[in-house]
Amino acid sequence: MVTEPDISIDGITYACWNGTYAVVQQCADTVTHAKIKAGVSINGLEYPVKEISDRAFGWHSDWEPSEKQLMSVEIPKSITKIGNQAFYRCPLLQKVTFPESTITSIGSQAFSGCEALDSIVLPKV
């Protein structure tokens with residue numbers, strides 16, 4: 001349940017969830033290199049960013065050609081969950097970086113349709 005207005009930083013939209021933490025809601029199609037914040041301030045309150053929502057970075061149409069320009073993304077240690085199809089149909093995505101990781105869940109088809117993505121390396125947890 002989103003409880004505060006969204007905030008957009010560098011083309012990435014964050015929203016407060018249940019008044020306790022923030023989630024990545026979406027990313028502008030024109031963003032090429034995304035660095036997800038570990039925490040954001042919404043309405044003067046600080047929230048850790050813990051999740052990437054379903055299709056947050058993904059293309060939202062199954063029928064139209066993808067216009068996503070995303071080539072790389074850096075995911076902070078604060079993220080514990082990556083939603084279903086979070087990066088769906090990001091054909092230019094080549095690099096996903098987890099400097100440290102506390103990921104406990106990666107959703108179905110999270111990286112489906114990312115043709116340029118060769119591999120994802122997760123650090124030991």
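**Close-up views of a predicted model**

View 1. Strand E3 (residues 21–27) is mostly under cover, with five of its seven residues buried. Buried here means under 20% relative accessible area, exposed means over 50%, and partly exposed is in between (1.4 Å probe, protein chains only). Strands (E, at least two residues) and helices (H or I, at least four) are DSSP runs, numbered from the N terminus. Keep in mind that this is a predicted model: local features need pLDDT of at least 70, side-chain atom pairs count only at pLDDT 80 or more, and totals for chains, interfaces and linings use all residues. Residues are numbered from 1 along each chain as its sequence is written, and side-chain values use heavy atoms, with hydrogens and water left out. On one pairing, strand E2 (residues 12–17) runs antiparallel to E3 over six bridges; two strands pair if DSSP finds at least two bridges between them. Cys-16 has Ala-22 in E3 as its bridge partner. E2 and E3 make a hairpin with three residues between them, and Asn-18 in the turn has a positive phi of about 55°. E3 also runs parallel to E6, joined to it by three bridges. Here Ala-22 sits opposite Val-49 in E6.

**View 2. Three phenylalanines in one cluster.** Phe-57, Phe-87 and Phe-111 form one aromatic cluster, and the structure holds two aromatic pairs. Rings of Phe, Tyr and Trp (its six-membered ring) pair if their centres lie within 6.5 Å; planes under 30 degrees apart count as stacked, over 60 as edge-to-face and the rest as tilted. Phe-57 and Phe-87 are stacked, because their ring centres are 4.8 Å apart and their planes are at 20°. Phe-57 lies in the loop between strand E6 (45–52) and strand E7 (72–74), and Phe-87 in the loop between strand E8 (81–82) and strand E9 (95–97), so the pair ties together parts 30 residues apart in sequence. Phe-87 and Phe-111 are stacked too, with centres 5.0 Å apart and planes at 5°. Phe-111 comes in the segment after strand E10 (105–106), so its pairing with Phe-87 ties together parts 24 residues apart in sequence. Phe-87 is buried at a relative accessible area of 0%, and Phe-111 is buried at 17%.

**View 3. Two salt bridges.** A search of the whole structure finds two salt bridges, each being a side-chain nitrogen of Lys or Arg within 4 Å of a carboxyl oxygen of Asp or Glu. Asp-29 pairs with Lys-68, and their closest N and O atoms are 3.1 Å apart. This pair links distant parts of the chain, 39 residues apart: Asp-29 is in the loop between E3 and strand E4 (33–35), and Lys-68 is in the loop between E6 and E7. Asp-29 is partly exposed at 28% relative accessibility, whereas Lys-68 is buried at 3%. Lys-77 and Glu-100 make a salt bridge with their closest N and O atoms 3.4 Å apart. Lys-77 lies in the loop between E7 and E8 and Glu-100 in the loop between E9 and E10, so this pair ties together parts 23 residues apart in sequence.

**View 4. Phe-98 beside Pro-76.** Phe-98 is in the loop between E9 and E10 and is buried, with a relative accessible area of 5%. The C-alpha atoms of Phe-98 and Pro-76 are separated by 6.4 Å, although these residues are 22 residues apart along the chain.
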